[in-house]
Amino acid sequence: MSEGICLGPVAEIQDPGSKGYQVGEQQLFAVRSRGAVFLYRNRCPHLGIELEWLPDRFLDHQNQFIQCSTHGALFLIESGECVSGPCSGQFLEAVTHEVRDGQLWALL
Ligand code: FES
């Protein structure tokens, strides 16, 4: 397996909060919640477009769900499953990752 791509310090992501990343042509975003980190491709399963409504803002106002800004689909932070909206039952594409020495690595 490749060593992966370092996305930067986990501490740069608020908890709860989110942060977007551009890795070459790929767009990813991370969510921190209750000390855990989740990493997904920034692509709504509904129309395949980016999710955020402002830079680094991928969560709803209560920081309970990932929210697509276009049609309001809500996704579980932990699994990426859409639980409300036009793509209900579909999933965000999770990206394998790990935290090493406080740095978030995407294992693409
Ligand atoms: S593009 Fe995300 S809900 Fe329609």
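The questions and answers below go through the sheet, the cores and some single residues of a predicted model.

This is a predicted model in which local features need pLDDT of at least 70 and side-chain atom pairs count only at pLDDT 80 or more, while totals for chains, interfaces and linings use all residues. Residues are numbered from 1 along each chain as its sequence is written, and side-chain values use heavy atoms, with hydrogens and water left out.

Me: In what order do the three strands of the open sheet lie?
Reply: Strands here are DSSP runs of E with at least two residues, numbered from the N terminus, and two strands pair if DSSP finds at least two bridges between them. Strand 2 (17-23) and strand 4 are the edge strands, each pairing on one side only. The pairing in this open sheet is antiparallel, and the order of its strands is 2-3-4.

Me: How many bridges join strand 2 to strand 3?
Reply: In the hairpin of strand 2 and strand 3, two residues lie between the strands, and Gly-24 takes a positive phi near 60 degrees. Within this pair Gln-22 stands opposite Gln-27 in strand 3. The two strands run antiparallel, and the number of bridges that join them is seven.

Me: Which residue in the turn between strand 3 and strand 4 has a positive phi?
Reply: Strand 3 and strand 4 pair in the antiparallel sense over six bridges, and Ala-30 stands opposite Leu-39 in strand 4. The two strands form a hairpin with two residues between them, and the turn residue with a positive phi, of about 50 degrees, is Arg-34.

Me: Why is strand 3 described as largely enclosed by the rest of the structure?
Reply: A residue counts as buried under 20% relative accessible area, as exposed over 50% and as partly exposed in between, with a 1.4 Å probe and protein chains only. Strand 3 is largely enclosed by the rest of the structure because, of its eight residues, the number buried is six.

Me: How many residues does the largest nonpolar core have?
Reply: A nonpolar core is a set of buried Ala, Val, Leu, Ile, Met, Phe, Trp, Tyr and Cys residues joined through side-chain atoms within 4.5 Å. In the largest one, the residues with the most contacts inside it are Phe-29, Leu-51, Ile-66, Phe-75 and Leu-92. Strand 3 (26-33) and strand 4 (36-41) each supply at least two residues of this core. The number of residues in the largest core is 16.

Me: How many disulfides does a search of the whole structure find?
Reply: A disulfide is taken as a pair of cysteine sulfur atoms within 2.5 Å. When the whole structure is searched with that criterion, the number of disulfides found is zero.

Me: Which backbone nitrogen does the side chain of Ser-18 reach?
Reply: Ser-18 has its place in strand 2 and is buried, with a relative accessible area of 12%. A polar atom of its side chain lies 2.8 Å from the backbone oxygen of Asp-56. The side chain of Ser-18 also reaches, at 3.0 Å, the backbone nitrogen of Phe-58.

Me: What is the phi of Asp-56?
Reply: Asp-56 has its place in the loop between strand 4 and strand 5 (65-67), and it counts as partly exposed because its relative accessibility is 31%. Although Asp-56 is not a glycine, its phi is positive, at about 65 degrees.

Me: Which residue is joined to Pro-16 by a cis peptide bond?
Reply: Pro-16 is found in the loop between strand 1 (5-9) and strand 2. The cis peptide bond has an omega of about 0 degrees, and the residue that it joins to Pro-16 is Asp-15.

Key: Helices (H or I, at least four residues) and strands (E, at least two) are DSSP runs, numbered from the N terminus. A polar contact is a pair of N or O atoms within 3.5 Å; within protein, one must be able to donate a hydrogen and the other to accept it, and residues adjacent in sequence count only if both atoms are side-chain atoms.
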